[in-house]
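Thanks for coming, everyone. I'll keep this short, so let's get the picture up on the screen.

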Amino acid sequence: LERVVARRYEVVAEVLEGLREGKAIGARMSGSGSSAYGLVEDRGEALRLAEKLRRLDHPVSVCRLFRRGATVVPAEKSPGAAPPASGCTGSSSGGW
């Protein structure tokens, strides 16, 4: 589904490409393309990628993953951040 949606909606392709051009370990579209996410190993790279996407006028939330969910980085630590997303949860051993 991701390839089909990315071909039809340039914005989805642009966001995924932006994440993949960085040091994202992985970048995927969620659901039917209403959001996308990228996983990176450190906070600095997460903030760098977020700023890059914001310059392209995309809303971005930066989340830190924990074994039992995630936390949204406060806007004052992530200038221009989108409001916290209710979908900003997940499970992982750590990472951004």
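Predicted model: local features only at pLDDT ≥ 70, side-chain atom pairs only at ≥ 80, totals over all residues.

Residues are numbered from 1 along each chain as its sequence is written, and side-chain values use heavy atoms, with hydrogens and water left out.

Okay, the core. The largest nonpolar core has 17 residues. By that I mean buried Ala, Val, Leu, Ile, Met, Phe, Trp, Tyr and Cys residues joined through side-chain atoms within 4.5 Å; buried is under 20% relative accessible area, exposed over 50%, partly exposed in between, with a 1.4 Å probe and protein chains only. Val 12, Leu 19 and Val 62 have the most contacts inside this core. At least two core residues each come from helix 1 (2–8), helix 2 (10–21), strand 1 (26–30) and helix 3 (43–55). Those elements are DSSP runs numbered from the N terminus: helices are H or I, at least four residues, and strands are E, at least two.

And what does Val 12 touch, leaving aside residues up to four places away in sequence? Val 5, Ala 6, Met 29 and Gly 33, with contact meaning heavy atoms within 4.5 Å.

Strand 1 runs antiparallel to strand 2, residues 35–39, with five bridges joining them; pairing takes at least two DSSP bridges.

Now, salt bridges: a side-chain nitrogen of Lys or Arg within 4 Å of a carboxyl oxygen of Asp or Glu. The whole structure has four. Arg 20 and Glu 2 meet at 2.9 Å, N to O, linking helix 2 to helix 1 across 18 residues. Glu 2 also pairs with Arg 28, at 3.7 Å between the closest N and O atoms, and that reaches strand 1, 26 residues apart.

Then there's Glu 45 with Arg 48, at 2.9 Å. They're three residues apart in helix 3, so about one helical turn separates them. Glu 45 is buried, at 6% relative accessible area, whereas Arg 48 is partly exposed at 40%. Back to the shared partners: Glu 2, Arg 20 and Arg 28 join into one network.
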